[in-house]
Amino acid sequence: MSNKNKIIRLKLIKLYGQICMLGEPLTKENYITLHHILKKQYKGATTIDNGALLSLFMHQDLHFIENWYYNEYDYINDYLRYYKETRDEQEKKRMNGYVKKLTKEIKNNKVRK
């Protein structure tokens, strides 16, 4: 992780606490990471505004979804912006289930093919 990523991650933790914004529990193996809402490859800056806190596994699932359902990936990123503004815990719980459902659906479809 770059030093700038680490600094922004720590600033986000100060603002929001040590949480996964998609509601996944943190553990030693499932530690907190910095997600760029607008990807760096699309000129997304490493800033507090463009950053979200995700557990490692949820971060991996989100990018897994991106490869299969790009519109859903955008929808989840829109949610992350919304969460940062509202801290809506009910929506966080719903989005956690939604990401898990999409990930399971993709994995099941891959096995069937």
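Begin by selecting Leu38, Tyr42 and Tyr70, which together make a nonpolar surface patch of about 290 Å²; patches are made of residues with over 30% relative accessible area and no salt bridge, with nonpolar side chains (Val, Leu, Ile, Met, Phe, Trp, Tyr) joined within 5 Å and like charges within 9 Å. This is a predicted model, in which local features need pLDDT of at least 70 and side-chain atom pairs count only at pLDDT 80 or more, while totals for chains, interfaces and linings use all residues. Residues are numbered from 1 along each chain as its sequence is written, and side-chain values use heavy atoms, with hydrogens and water left out.

Stay on Leu38, which lies in the loop between β1 (32-36) and β2 (51-55) and is partly exposed because its relative accessibility is 38% (buried means under 20%, exposed over 50%, partly exposed in between, with a 1.4 Å probe and protein chains only).

Next, look for salt bridges (a side-chain nitrogen of Lys or Arg within 4 Å of a carboxyl oxygen of Asp or Glu), of which the whole structure has five. Select Glu66 and Lys39, whose closest N and O atoms are 2.8 Å apart; Glu66 lies in helix α2 (residues 56-68) and Lys39 in the loop between β1 and β2, so this pair ties together parts that are 27 residues apart in sequence.

Then select Glu24 and Lys100, a salt bridge with its closest N and O atoms 3.1 Å apart. Here Glu24 is buried at 19% relative accessibility, whereas Lys100 is partly exposed at 39%.

Finish with Glu89 and Lys92, another salt bridge, at 3.0 Å between the closest N and O atoms.

Key
Areas by Shrake-Rupley, 256 points an atom, 1.4 Å probe, with all protein chains shown as cover. Helix = DSSP H or I, 4+ residues; strand = E, 2+ residues; numbered from the N terminus.
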